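Biologist: I am new to this structure. Please take a close look at the salt bridges and tell me which residues they join.

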Amino acid sequence: MIAHIQGKLVEKTPTQVVIDCGGVGYHVNISLHTYSLLPNADFIKLYTHLQIKEDAHTLFGFVEKSEREIFKLLLSVSGIGASIARTMLSSLDPKQITNAIASSDVVTIQSIKGIGSKTAQRVILDLKEKVLKLYDLDEVSMSQSNTNRDEALSALEVLGFVRKTSERIVEKIVKEDPEASVESIIKKALKNL
């Protein structure tokens with residue numbers, strides 16, 4: 001309904017801003033990520049999401065369109081409301097959240113205040129495919145073991161093995177030995193393929 005707000009920045013705190021647009025002050029809730037990106041200027045533009053409930057109309061603002069899209073995706077998950085989605089975007093930046101979802105990193109998502117194990121698993125289950133499509137991610141590497149895993153998967157694919165089948169086997173190997181080298185992952189995978 002309201003796609004963006006552009007106007008004079010009247011008030012600014014880590015959780016909210018007030019933007020004057022033509023004499024009307026709009027109270028906009030923001031994440032710490034957006035707060036850190038706010039320009040030091042009198043006039044700003046925020047992409048917005050309007051949440052309408054029986055008792056309130058709440059406006060959320062984002063400096064980046066990508067953060068707004070992640071916010072909307074998070075709201076689509078059962079058990080995640082606007083305050084938890086905003087907390088997630090305040091605890092981790094949008095790229096960290098998409099990487100955690102794409103790489104099924106339950107621990108990173110669960111590290112956010114208010115997110116338990118089941119909710120973290122639900123976020124990954126509900127959003128992994130959408131995140132991979134939306135951000136054109138193939139496989140996300142966040143650590144050395146993920147990099148080794150990715151290289152091993154690429155090598156197995158070059159050797160003619162189906163990626164989905166290889167992924168399951170490589171995941172088991174990496175879980176058993178997170179420090180495994182690319183060569184050892186490939187050797188172990190070849191024995192199981």
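Modeller: Glu69 forms a salt bridge with Arg68, their closest N and O atoms being 3.6 Å apart; the term stands for a side-chain nitrogen of Lys or Arg within 4 Å of a carboxyl oxygen of Asp or Glu. This is a predicted model, in which local features need pLDDT of at least 70 and side-chain atom pairs count only at pLDDT 80 or more, while totals for chains, interfaces and linings use all residues. Residues are numbered from 1 along each chain as its sequence is written, and side-chain values use heavy atoms, with hydrogens and water left out.

Arg68 is buried, at 10% relative accessibility, and Glu69 is partly exposed, at 30%. Here buried means under 20% relative accessible area, exposed means over 50%, and partly exposed lies in between (1.4 Å probe, protein chains only).

By this rule the count comes to 3 salt bridges. Arg149 forms one with Asp150, where the closest N and O atoms are 3.7 Å apart. Both Arg149 and Asp150 are buried. Arg149 also forms a salt bridge with Glu171, with 3.1 Å between the closest N and O atoms. Glu171 lies in helix α8 and Arg149 in helix α7 (residues 144–158), so this pair ties together parts that are 22 residues apart in sequence. The helices are DSSP runs of H or I with at least four residues, numbered from the N terminus. Glu171 is partly exposed at 30% relative accessibility, whereas Arg149 is buried at 4%. Through shared partners, the salt bridges join Arg149, Asp150 and Glu171 into one network.

Technical notes:
Helix = DSSP H or I, 4+ residues; strand = E, 2+ residues; numbered from the N terminus.
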